[in-house]
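Here is a brief report on one protein model.

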Amino acid sequence: MFNRMYSFLMQNNILYKYQFGFRKGFLTSLALIELLDTIYCHRDNHDFVIGMFFDLQKAFDTVDHTILLHKLENYGVRGIVLKWFHDYLHNRQQFVSIGDSKSNLRSVTYGVPQGSILGPLLFLLYINDIENCVHNATVKLFADDTNLFVHGKTFREAFDSATNSVALLYDWFCANRLSLSVEKSCYSVFGCDVSAASAYTITLGKVNLNPVNFTKYLGIVIH
């Protein structure tokens, strides 16, 4: 089923082109090159660039099965194959075992089966339409690592763009029942020290994002 699904997605160019996680030929180095190229390109044009880095909480465990099946149908997975996925996700159970003790069985109504070959692919499809939620910026993804870059000729222009984009992204996360770790999410201003932008804020829901002078992305510190 994985081979059939992946072949169908590739033939119909369905997967988001800036999703670099769990895809054949999409290396970590390519994700880093794409991200850095975005920063350098706008800095060469003397723009202020704001990079926002979002951390999802237990992303694979919070996938809503009803929403996932609806998205699969929209992407063309229908009929017997859609019913197969419904049966694959439905009525799964789990228990916890510690030493000689075991908990009672509980139904699993959220999440993709981790450790399975289909789990990562189903997650990619679940967040695949994130590209449509922000219109003035490009979302970059590495599995559940979500990054958003905006730019402007002035601080005000860049921060206004960032504020509008984050509001749209936050609405998308809420609609898809994905939880963000606000404490681990942050932003950097490229082209100046972040303290120079202290008069501005970027709000995620009702909480201000944490401004940082550098952040680690895929093991690389970006300053």
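Predicted model: local features only at pLDDT ≥ 70, side-chain atom pairs only at ≥ 80, totals over all residues.

Five strands build an open sheet, and their order is E6-E7-E1-E8-E11. The pairing is mixed. Strand E6 (138-142) and strand E11 (210-211) each have a single partner strand, so one side of each lacks a neighbour in the sheet. Both stand at the edges. E6 pairs with E7 over five bridges, in the antiparallel sense. Leu141 has Thr146 in E7 as its bridge partner.

Helix H6 (residues 155-175) packs on this sheet. H6 touches E1, E7 and strand E8 (186-190). Its direction makes about 150 degrees with that of E7.

| Pocket | Space | Nonpolar lining residues | Polar lining residues | Charged lining residues |
|---|---|---|---|---|
| Largest pocket | About 180 Å³ | four | five | two |

The lining of the largest pocket includes Asp61, Arg92, Gln93, Gln94 and Tyr110. Strand E2 (residues 92-94) gives the largest share of this lining, three residues. Val108, Thr109, Gly111, Val112, Pro113 and Gln114 are also among the lining residues.

Which residues line the second largest pocket? They are Phe53, Phe54, Asp55, Asp145, Thr146, Asn147, Lys184, Cys186, Thr215, Lys216, Tyr217 and Leu218. Strand E1 (48-54), strand E7 (145-152) and strand E12 (215-217) are the elements that give two or more residues to this lining.

Methods
Residues numbered from 1 in each chain as written. Heavy atoms only, no water. 1 Å grid on protein atoms, 1.4 Å probe; cavity = no way out; pocket = protein on both sides within 12 Å on 5 of 7 lines; lining within 4 Å. Points joined across faces, edges and corners; volume = space filled by probe spheres on them. Helix = DSSP H or I, 4+ residues; strand = E, 2+ residues; numbered from the N terminus. Nonpolar A, V, L, I, M, F, W, Y, C, P; charged D, E, K, R; others polar. Pairing = 2+ DSSP bridges. Contact = heavy atoms within 4.5 Å. Axes fitted to C-alpha atoms, helices over the stretch in contact; angles between N-to-C directions.
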